[in-house]
Amino acid sequence: MSNKLNPKRREGPITTGTSTTSAGNTSSAANTSSSSSSSLSSAGGGDGGMSADLTSLFECPVCFDYVLPPILQCSSGHLVCVSCRSKLTCCPTCRGPLANIRNLAMEKVASNVKFPCKHSGYGCTASLVYTEKTEHEETCECRPYLCPCPGASCKWQGPLDLVMQHLMMSHKSITTLQGEDIVFLATDINLPGAVDWVMMQSCFGHHFMLVLEKQEKYDGHQQFFAIVQLIGSRKEAENFVYRLELNGNRRRLTWEAMPRSIHEGVASAIHNSDCLVFDTSIAQLFADNGNLGINVTISIV
Ligand SMILES: [Zn+2]
Ligand SMILES: [Zn+2]
Ligand SMILES: [Zn+2]
Ligand SMILES: [Zn+2]
């Protein structure tokens with residue numbers, strides 16, 4: 001086979017089938033474009049190399065992202081991606097006018113080419129038809145992690161194994177407690193406005209971030225949201241369950257759930273009240289001198 005003579009090609013598996021996609025995506029392997037894509041690959045001798053040659057034709061000259069359908073060209077035939085196009089007044093290649101000329105031939109080629117995931121720099125080996133690309137990238141296991149601290153002030157992002165290092169370097173004020181059963185003490189819960197309390201808990205060889213967030217829902221009405229996220233992947237989070245409990249004065253309020261992965265973050269869970277939610281009156285029932293202790297228990301499922 002000629003492939004053996006071609007060790008330079010690093011595009012990975014030569015097969016056109018299922019194995020390159022990451023977990024959870026294998027069902028999409030068969031699709032209507034497979035027959036025509038195999039005819040392209042037989043001409044090129046190895047789908048990987050041929051696809052790589054073709055994908056480079058789709059590179060936007062401005063941002064180097066891919067130009068995907070609907071594909072529009074300038075009057076001389078140059079392509080530019082949709083998002084760059086909206087910011088430009090002329091073709092970046094020839095300075096000619098940006099006419100609304102559809103390039104159906106390129107669109108057809110695009111449906112027969114597999115594009116690498118945009119997180120390939122983070123180790124993703126998936127290559128996808130363009131219609132599945134965005135959906136994959138949103139749930140891609142290799143998507144970089146964002147800083148898990150609540151509030152959008154920290155812009156850090158990177159691989160999972162550097163998250164703890166980042167927290168220890170840049171968020172030194174966060175305290176860590178060891179053990180599966182701890183008390184998360186939030187002080188001065190009566191502080192006005194939106195406030196976040198954060199702390200780390202280490203157990204079972206993992207780190208968890210406990211978040212208590214106070215939001216003003218509408219004029220003067222404040223709500224508290226308490227949630228636990230794992231410094232780990234969604235898959236790892238499935239192994240755990242956390243319990244939050246307010247307890248005192250012969251009252252008890254409990255919430256139990258699977259921890260969120262920091263890959264998803266807690267913002268959407270808080271927005272959907274998929275966490276321990278209580279208002280200021282309830283907080284007062286359990287608070288002591290403006291300090292609120294939340295019992296946090298983490299266990300393995
Ligand atoms: Zn672009
Ligand atoms: Zn042009
Ligand atoms: Zn990916
Ligand atoms: Zn950060």
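Trainee: How do β12 and β13 pair, and over how many bridges?
Mentor: In this predicted model, β12 and β13 run antiparallel and are joined over 7 bridges. One of the facing pairs is R243 with E256 in β13.

Trainee: What lies between the two strands?
Mentor: They form a hairpin with 2 residues between them. In that turn, N249 has a positive phi of about 50°.

Trainee: What holds paired strands together in general?
Mentor: Strands of a sheet pair through backbone hydrogen bonds, in either a parallel or an antiparallel manner.

Trainee: Changing topic: where is D188, and is it buried or exposed?
Mentor: D188 is in the loop between β8 and β9 (195-203). It is exposed, because 11 other C-beta atoms lie within 10 Å, and the cut-off for exposed is 12 or fewer.

Trainee: What is the phi of D188?
Mentor: The phi of D188 is positive, about 55°, although D188 is not a glycine. Most residues other than glycine have a negative phi.

Trainee: What about N289: where is it, and what is its phi?
Mentor: N289 is found in the loop between α9 (280-286) and β16. Its phi is near 60°, again a positive value in a residue other than glycine. N289 counts as exposed, with 8 C-beta neighbours inside 10 Å.

Trainee: Which residues are joined by a cis peptide bond?
Mentor: P69 and P70 are joined by one, with omega of about -5°. P70 is in the loop between α2 (47-56) and β1 (72-73). Most peptide bonds are trans.

Trainee: Which residues does the UniProt annotation "domain: RING-type" cover?
Mentor: According to the UniProt record, an unreviewed entry, that annotation covers residues 60-95. In the model, the end C-alpha atoms of this span lie 15 Å apart, and the span is 11% helix and 6% strand.

Trainee: And T93, where is that, and what does it contact?
Mentor: T93 lies in the loop between α3 (82-85) and β2 (101-102). Leaving aside neighbours within four places in sequence, T93 is in contact with P61 and H78. T93 counts as partly exposed, with 14 C-beta neighbours inside 10 Å.

Trainee: Now S261: is it buried or exposed, and why?
Mentor: S261 is buried, because 21 other C-beta atoms lie within 10 Å, and the cut-off for buried is 20 or more. S261 is in strand β14 (residues 260-261). Beyond neighbours within four places in sequence, its contacts include Q229, L230 and A237. A237 is 24 residues away in sequence and 5.8 Å away in space, C-alpha to C-alpha.

Trainee: Finally, how many helices and strands does the protein chain have?
Mentor: The protein chain has 9 helices and 16 strands. Of its 301 residues, 27% count as buried.

Terms used:
Residues are numbered from 1 along each chain as its sequence is written. Chains are lettered from A and ligands numbered from 1 in the order in which they are written. This is a predicted model: local features need pLDDT of at least 70, side-chain atom pairs count only at pLDDT 80 or more; totals for chains, interfaces and linings use all residues. Helices (H or I, at least four residues) and strands (E, at least two) are DSSP runs, numbered from the N terminus. Two residues are in contact if their C-beta atoms, placed from the backbone, lie within 7 Å. Two strands pair if DSSP finds at least two bridges between them. UniProt positions are given in the numbering used here, feature names are shortened, and annotations may be inferred rather than shown by experiment.
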